[in-house]
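Please look over the structure shown here before reading on.

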Amino acid sequence: MDAKTLDIVKAGWAMFARYGYAKTTMSDIAGEAGVARQTVYNAFSSKEDILRAVVRLAGEEALSEVQAAWADAGSLSEKISIFQSLGPECWYKAMVAAPDWGALMDGMNRAAASELADLETRWVRVIETMFAETLRTERETYGEVAHFLYTASKNTKYGAEGLEDVQRRLATIHKATLALLA
């Protein structure tokens, strides 16, 4: 992705967060990126394409941030906490800070389904590898437990009554994951 395209994606990210997916226009994104609307259309054929790029970029940045933080963590419990804090907890905060977040989530789930599925596969693989490296053993169940940790943690946002509720749910998933790996 060249610098101009990256600027457009970051502008899309900012506009979706500020106005919501449905209310953001290609003109809004162009204005935020400091480029002509035609420049946005040259890079992306639709707002959905920009949303897919935003999902990819956000996922890659979160994954990199978590892996970098894991380098300084010692225990499995610390690493699970880092994942949950920099991943699902941050995602929840960003989601509820956005106006019309329900529509944004629907738009992401519809328009960026393949990107979300690819990210889930990458996250599960990275978590599975972290389990094996931290515990210094190999088990067939690591993939299943990694999938449980990722999907259960990611889904804590649904029906949550606030950040404290999300944090309580994450703590339960944390304990369950440690028990599954014991």
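Arg-136 counts as exposed, because its relative accessibility is 73% and the cut-off for exposed is over 50%. In this predicted model, Arg-136 is placed in the loop that joins helix 7 (113-135) and helix 8 (142-154).

Most residues other than glycine have a negative phi.

## Ala-113 in helix 7

Helix 7 also holds Ala-113, which counts as partly exposed, with a relative accessibility of 38%. Along the chain Ala-113 and Val-55 are 58 residues apart, while their C-alpha atoms are separated by 9.7 Å.

## Helix 4 against helix 5

Helix 4 (residues 47-70) packs with helix 5 (residues 76-97) at an angle of about 155°, and their axes are 9 Å apart. Angles over 145 degrees count as roughly antiparallel, and the two helices, helix 4 and helix 5, are therefore roughly antiparallel to each other. The crossing in which helix 4 passes helix 5 is right-handed.

Which residues meet where helix 4 and helix 5 are in contact? From helix 4 come Ala-62, Glu-65, Val-66, Ala-69 and Trp-70, and from helix 5 come Lys-79, Ile-82, Phe-83, Leu-86 and Trp-91. Sorted by kind, the residues of this contact between helix 4 and helix 5 comprise 8 nonpolar and 2 charged ones, with no polar residue.

## The buried side of helix 2

In helix 2 (residues 26-33), the buried residues are Met-26, Ile-29, Ala-30 and Ala-33. Because they cover an arc of only 100° around the axis, they are on the same side of helix 2.

Helix 2 is followed by Gly-34, and the phi of Gly-34 is positive, near 75°.

When its neighbours within four places in sequence are left aside, Thr-5 is in contact with Ala-43 and Phe-44.

Terms used: Residues numbered from 1 in each chain as written. Predicted model: local features only at pLDDT ≥ 70, side-chain atom pairs only at ≥ 80, totals over all residues. Heavy atoms only, no water. Axes fitted to C-alpha atoms, helices over the stretch in contact; angles between N-to-C directions. Helix = DSSP H or I, 4+ residues; strand = E, 2+ residues; numbered from the N terminus. Parallel < 35°, antiparallel > 145°, perpendicular 65-115°, else oblique. Left-handed = near helix turned anticlockwise from the far one by under 90°. Contact = heavy atoms within 4.5 Å. Nonpolar A, V, L, I, M, F, W, Y, C, P; charged D, E, K, R; others polar. Buried < 20%, exposed > 50% of the residue type's maximum accessible area, 1.4 Å probe, protein only. Arc of directions from axis to C-beta.
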